[in-house]
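Subject: Handing over the two-chain structure

Hi,

Here is the structure I promised to pass on. Please open it before you read the rest.

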Amino acid sequence: MYNDVVYFALNYRGVLMNLSFSKEDQEFQQEVRSFIEQNYPSEIKEKQDQGIPLSKEDTVKWHKILNDKGWLAVNWPEELGGTGWTITQKHIFQNELAAANTPTLMPFGVNMCGPVIYTFGSDEQKEFHLPKILNGDIWWCQGYSEPGSGSDLASLKTKAEKKGDVYVVNGAKTWTTLAQHADWIFCLVRTDGSGKKQEGISFLLIDMKTPGVEVKPIITIDGTHEVNMVYFDNVEVPVTNLVGEEGFGWSIAKFLLAHERTGIAGIPSLKRELDRLRDITTQIQVGEGSLKDDAMFMSKLDRLEIKLTAAEYTELRTLAAMSAGGHPGPESSILKILGTDLQQELSDLFVEAVGYYAHPFMTEEDLASNESRIGPDFAAPVMPHYLNYRKVSIYGGSNEIQRNVIAKAVLGL
Amino acid sequence: MDFSLTEEQQLLQDSINQFIEREYTFDDRKKFLDSEKGFNEENWKTFGSLGWLGMPFSEDDGGYNGGPVDVMVIMENLGKGLIVEPYVPSILLSGKILADLGSDDQKSNYLHPMISGEKIITFAYIEPQSRFTLSDCLTKATPSDDGFVLDGYKALVHNASASDTLIVSARTSGNQCDEKGISLFLVDTNAKGVSLRNYSTIDGGKASELTLENVSVSKESLLGEMDEGFNAIDNAIDLATLGICAEAVGIMGKMNEMTLEYTKTREQFEQKLSQFQALQHRMVDNFMHYEQSKSLLVMCAAKMNDNTEDKKKALASLKYQIGLSGKHIGEESIQLHGGMGVTDEMHIGHYFKRLTTIRTLYGNSDYHLSNYASL
């Protein structure tokens, strides 16, 4: 009954699964490290290390440095300016950037709009937009959520009516991250209200300078201006700015959400921040010792670190599966939940660690000013960060929506 | 980086799953459990002829040169079938110790017949006071003219009554918890002064409390050097820990599958249970626990041959996670099965019981978390 198996047993040679870096990978790691050392501007590094908010110029500067090296659009096809790196190389690259605490680049152009345009766009759109996304000349923002459409994104109402060679857009978008800096916005708009709600949605590129576009700030509980309302009042958009066909917007949105979810876990940054917190525990005095001697606190840190390792290897397994079989699937939903859980738990541990010095209200201006901070330097950004990071389990498809996605797509419910 | 199984490992996995499907239904299993030995000797011989028993050992030792990943594949799949044959105590513990310390004679008299399925050897090292501390050993071995005399008491010796031979840890020098001073001996189960109090364990296994009273063993019974047995114990427990964690991952995957299936069948309020969002989200959380456990398992298997600290850290992470996820998936699966989940008739409860004993075996989550902190 088991003849074939017996034969195989006799000829068995075990092979060890290989998770270590090859010599080439180690050389690549060295190359990335020395590039960062030589090219990461010291004035930006200083701000990053002290938790001072970056200006638009800072972020764009770093964007251009990476692009000049050809290391910006890591995941793009090689012929369009991508790197052609292996999964392992991408992993090494992201880890090195995070370890050096380089600025987080805005994902809206290079990770979101770019892949949409090169996958679904017209030749004209590709020619105009892709180079500008790469060189950072156009700052993109994302027009998805609306006041009445949060988790139920497909219920969106912003209307685009075709009149001759323009769409006339009316409506409002919300939670638009850094729209105050943006040159263009990619929007989901309703071009047809008659059928199933998913079917009448289209994907439109809109120049923010078009008459009728108005941006109003939303101030969040950390006291910052990160997100906005964007209003559209009879905004005329050339029909050539439609990506794909009319009614194809929902498919593009789903394509994008899967892309958005993989990087959203932010595992390399979590590793850096966790190490930083470990370091901080030695600097916080408790009695005659330091917080490092507090077994209860340290145990929470250890638990978090193990959870982070589990998330890291889940991401690596997902990436490995992707490299064998194509696009990120519903697995990326797990990573979104795991990663954002970790980000929030870690932000809470920082607050716990600094104790009373989490209480002074530090605005962005306070953090950026030359005046000395109240309490230890590391304490000041902790509470704004904790408050700000309530968002991560809400954006990108709330973690409840992610659970719906997994229930349906993975568990078949 | 490469996470994939080789073609041979795939075949190994397939052969175990085939075996379970054909020879190890729940009714079969119940018969094995009710037998005197608590498992089926024919199965054990089949494992031997299929090469599973020899997998972790080198060719020189009569094995197939398998590595930690192969042990992972075997145990994960044995877990899915809730196999009760003594793979862990005999192969992963005693076998590993024999491979590490055995002389040529000891290997040919004990390891080789063990690999072929003729001999079963278990490892007696837990003591009532030792809890999870491997160096805590009060059982004594006193040198005599022609060998040693053993006195002491060992707890939870798995499958002792079915074993031909026991490997017994005993103190030849030092204090209660010293690593140095522990020696390992091969002891015939029928030797004078060896008595067993046999019992069933909650997960369907068999174990014994072992009393050693003036038990004489020869010089040739000593494994390795006198006083230097600790490292071999530690290494064997590490391998067995990887093994039972893989088994737990197999069990958790199976429990998730069974729970999903159940909620798709059972109806309340004119709806399938699986259509209630409150329950869907809980099953998603079970699924995420499984994935996290599986990820750490794979990482750990790949790090078993790394330097000691990396390996220890990986094992501590893994066993901590298995304790955590084992509790979560175990308890949630029973809850999602409702009243049926607590009946002996349903399979889910049997998986739950094995998963629950694994949580404690070789150290619970707290123990491994504190190990992690000390590294």
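Below is what I found, starting with the contact between the chains.

This is a predicted model.

**Where A meets B**

The two chains touch. On one side are 37 residues of chain A, in contact with 39 residues of chain B. Five helices of chain A each supply at least two residues to the side that touches chain B: H1 (3–10), H5 (87–99), H10 (295–325), H11 (331–354) and H14 (399–409). H10(A) gives the largest share, 12 residues. By class, this side of chain A has 26 nonpolar, 6 polar and 5 charged residues.

**Domains of chain A**

Take domains 2 and 3 of chain A. In the contact between them, domain 2 of chain A has 6 residues and domain 3 of chain A has 8. The domain 2 side divides into 1 nonpolar, 4 polar and 1 charged residue.

**Domains of chain B**

For chain B, the assignment gives domain 1 (7–119), domain 2 (122–228) and domain 3 (231–374). Here I looked at domains 1 and 2. The C-alpha centres of these two domains of chain B lie 23 Å apart. Each domain puts residues into the contact: 15 from domain 1 of chain B and 15 from domain 2 of chain B. On the domain 1 side, the elements that give two or more residues are helix H5 (87–101) and helix H6 (104–115) of chain B. H5(B) gives the most, with 6 residues. The domain 1 side divides into 8 nonpolar, 5 polar and 2 charged residues.

**Strands in chain B**

Which strands does E3(B) pair with? One partner is E2(B): strand E2 (residues 140–143) and strand E3 (residues 147–158) of chain B run antiparallel over 4 bridges. E2(B) and E3(B) form a hairpin, with 3 residues between them. To find this pairing on screen, go to Ala141(B), whose bridge partner in E3(B) is Leu150(B).

Another partner is strand E7 (residues 206–218) of chain B, which pairs with E3(B) in the antiparallel sense over 9 bridges. Here, look for Lys154(B), which stands opposite Leu210(B) in E7(B).

That is the handover. Write back with any questions.

Best wishes

Note on methods: Residues numbered from 1 in each chain as written. Chains lettered and ligands numbered in written order. Predicted model: local features only at pLDDT ≥ 70, side-chain atom pairs only at ≥ 80, totals over all residues. Contact = placed C-beta atoms within 7 Å. Nonpolar A, V, L, I, M, F, W, Y, C, P; charged D, E, K, R; others polar. Pairing = 2+ DSSP bridges. Domains from an automatic or database assignment.
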